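User: I would like to learn how to read the features of a protein model, taking the general idea before each particular case. Could we begin with how burial is judged?

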Amino acid sequence: VRRSGNTALLRLEDGREVECELIDMSVSGALLATTWRPPLGSIVTVGRQSATVRRHHRTGIGIEFGAQ
């Protein structure tokens with residue numbers, strides 16, 4: 001995951017890139033602060049890691065790595 005401080009680069013399915021704040025990260029997933037809310041089940045990429053959007057929360061999204 002490419003991070004600059006507490007930020008991560010989130011790549012959307014259509015190729016757009018959005019910089020977000022990395023709130024928390026584990027082996028299985030991450031919480032990202034972003035105003036962008038992709039639909040649940042959407043495939044995104046954080047750095048080189050593919051992930052699935054699993055939830056929306058007050059300040060962003062929760063993603064699960066490798067769960068397509």
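Analyst: A residue is called buried when its relative accessible area is under 20%, exposed when it is over 50%, and partly exposed in between, using a 1.4 Å probe and protein chains only. By that rule, 38% of the 68 residues of the protein count as buried. Please keep in mind that this is a predicted model, in which local features need pLDDT of at least 70 and side-chain atom pairs count only at pLDDT 80 or more, while totals for chains, interfaces and linings use all residues. Residues are numbered from 1 along each chain as its sequence is written, and side-chain values use heavy atoms, with hydrogens and water left out.

User: How many helices and strands does the secondary structure of the protein come to?

Analyst: Helices (H or I, at least four residues) and strands (E, at least two) are DSSP runs, numbered from the N terminus. Here the protein has zero helices and seven strands, so that, in the notation of those DSSP runs, its elements read β-β-β-β-β-β-β from the N terminus on.

User: Which residues have the most contacts inside the largest nonpolar core?

Analyst: A nonpolar core is a set of buried Ala, Val, Leu, Ile, Met, Phe, Trp, Tyr and Cys residues joined through side-chain atoms within 4.5 Å. The largest one in this model has 14 residues, and those with the most contacts inside it are Leu10, Leu32, Val44, Val46, Ile61 and Ile63. At least two residues of this core come from each of β2 (7–11), β3, β4, β5, β6 (49–57) and β7 (60–65), with β7 giving the largest share, three residues.

User: Is serine 42 buried or exposed, and where does it lie?

Analyst: Serine 42 counts as buried because its relative accessibility is 9%, and it lies in the loop between β4 (29–33) and β5 (43–46). A polar contact is a pair of N or O atoms within 3.5 Å; within protein, one must be able to donate a hydrogen and the other to accept it, and residues adjacent in sequence count only if both atoms are side-chain atoms. The side chain of serine 42 reaches the backbone oxygen of proline 39 at 2.7 Å.

User: What does glutamate 21 touch?

Analyst: Glutamate 21 has its place in strand β3 (residues 17–25) and counts as partly exposed because its relative accessibility is 44%. Not counting residues up to four places away in sequence, glutamate 21 touches Asn6, Thr7, Leu31, Leu32 and Ala33.

Methods: Contact = heavy atoms within 4.5 Å.
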